[in-house]
Amino acid sequence: FTDDLLISVVGGGSFDAAKVVKILNEFQGNLHLNVLRILRRGDKSWWLKASGGLNQTFFASLLEAVDYVRGDGSAEPKKWGEIHVMRFRHPISTALGFAEGKGFDVPSLPGHGDTNTIRQVKSASLTDLSATASNVSLRFIADMSDLRNGCSIITPLGNCGVLGSPYYAIDNEKWHSGEVRKMVWEESDVRAIAVNTMRFNGDERMREGGFSCSMM
């Protein structure tokens with residue numbers, strides 16, 4: 001909440017929707033940092049005073065967190081990734097009423113980190129701690145001095161959208177563990193490793209004009 005926005009509102013100005021969304025995103029994206037900042041201020045913080053002081057707020061939050069973690073009745077300690085779970089729910093599976101992990105879904109994986117770490121994940125909400133709001137969509141490494149041999153890439157799931165294909169989720173474990181695959185850069189290298197080739201040809205008129213498209 002910036003000083004300029006506060007002055008504008010106090011002066012009778014209306015909220016700018018874009019600014020409000022930006023403030024909300026910044027708060028959620030740095031939630032843990034904001035909490036630590038409030039705790040460092042101690043009893044000087046209005047939030048802590050309103051909650052009964054630093055000690056009461058801290059221990060009440062700790063007890064609430066323990067109750068949340070043991071909400072399934074288990075007394076066993078849980079790891080971070082057991083609470084912040086990456087779920088790969090497919091819209092079709094949800095629409096057809098499949099249980100989680102069935103149908104078009106890919107098995108869930110333990111999440112790493114939060115919005116302030118390199119292995120970035122974001123919880124769905126303050127009450128739903130599953131790591132489903134955002135994740136790393138892909139990792140791409142390029143050696144600009146040697147593109148043919150120095151490029152690697154990885155994306156979640158796999159490289160085929162056909163359910164039942166062995167490539168449907170072939171890269172998910174590698175993506176989750178931080179591994180990458182060597183990227184094939186040159187056309188000759190693509191042709192050398194191609195398992196199947198699909199060729200589309202136009203009608204006679206297009207063929208006369210030299211139209212041809214190959215997909216590998």
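**View 1. Phenylalanine 58 is located in helix H5, residues 54–69.** Helices (H or I, at least four residues) and strands (E, at least two) are DSSP runs, numbered from the N terminus. This is a predicted model, in which local features need pLDDT of at least 70 and side-chain atom pairs count only at pLDDT 80 or more, while totals for chains, interfaces and linings use all residues. Residues are numbered from 1 along each chain as its sequence is written, and side-chain values use heavy atoms, with hydrogens and water left out. Phe58 has a relative accessible area of 43%, so it is classed as partly exposed (buried is under 20%, exposed over 50%, partly exposed in between; 1.4 Å probe, protein chains only). Together with Phe59, Leu62 and Val66, Phe58 makes up a nonpolar surface patch of about 360 Å² accessible area. Patch residues have over 30% relative accessible area and no salt bridge; nonpolar side chains (Val, Leu, Ile, Met, Phe, Trp, Tyr) are joined within 5 Å, like charges within 9 Å. A salt bridge is a side-chain nitrogen of Lys or Arg within 4 Å of a carboxyl oxygen of Asp or Glu.

**View 2. Tryptophan 46 and tryptophan 47 form one of three aromatic pairs in the whole structure.** Their geometry is edge-to-face, at 5.1 Å centre to centre and 80 degrees between the planes. Rings of Phe, Tyr and Trp (its six-membered ring) pair if their centres lie within 6.5 Å; planes under 30 degrees apart are stacked, over 60 edge-to-face, the rest tilted. Trp46 is exposed at 58% relative accessible area, and Trp47 is exposed at 56%.

**View 3. Phenylalanine 88 and tryptophan 175 form an edge-to-face pair.** Phe88 belongs to strand S1 (residues 85–88) and Trp175 to helix H8 (residues 172–177), so the pair ties together parts 87 residues apart in sequence. Both residues are buried.

**View 4. Leucine 129 sits in the loop between strand S3 (121–122) and strand S4 (134–135).** Leu129 is partly exposed, at 22% relative accessibility. Beyond its neighbours within four places in sequence, Leu129 contacts Tyr68, Ile83, His84, Val85 and Ser123 (contact means heavy atoms within 4.5 Å).

**View 5. Over residues 210–216, pLDDT stays under 50.** pLDDT is the predictor's confidence in each residue, from 0 to 100. The model has 19 contacts beyond four places in sequence for residues 210–216. Where pLDDT is low, the predicted coordinates should not be read in detail.

Notes. Accessible areas come from the Shrake-Rupley method with a 1.4 Å probe; for residues, only the protein chains shown count as cover.
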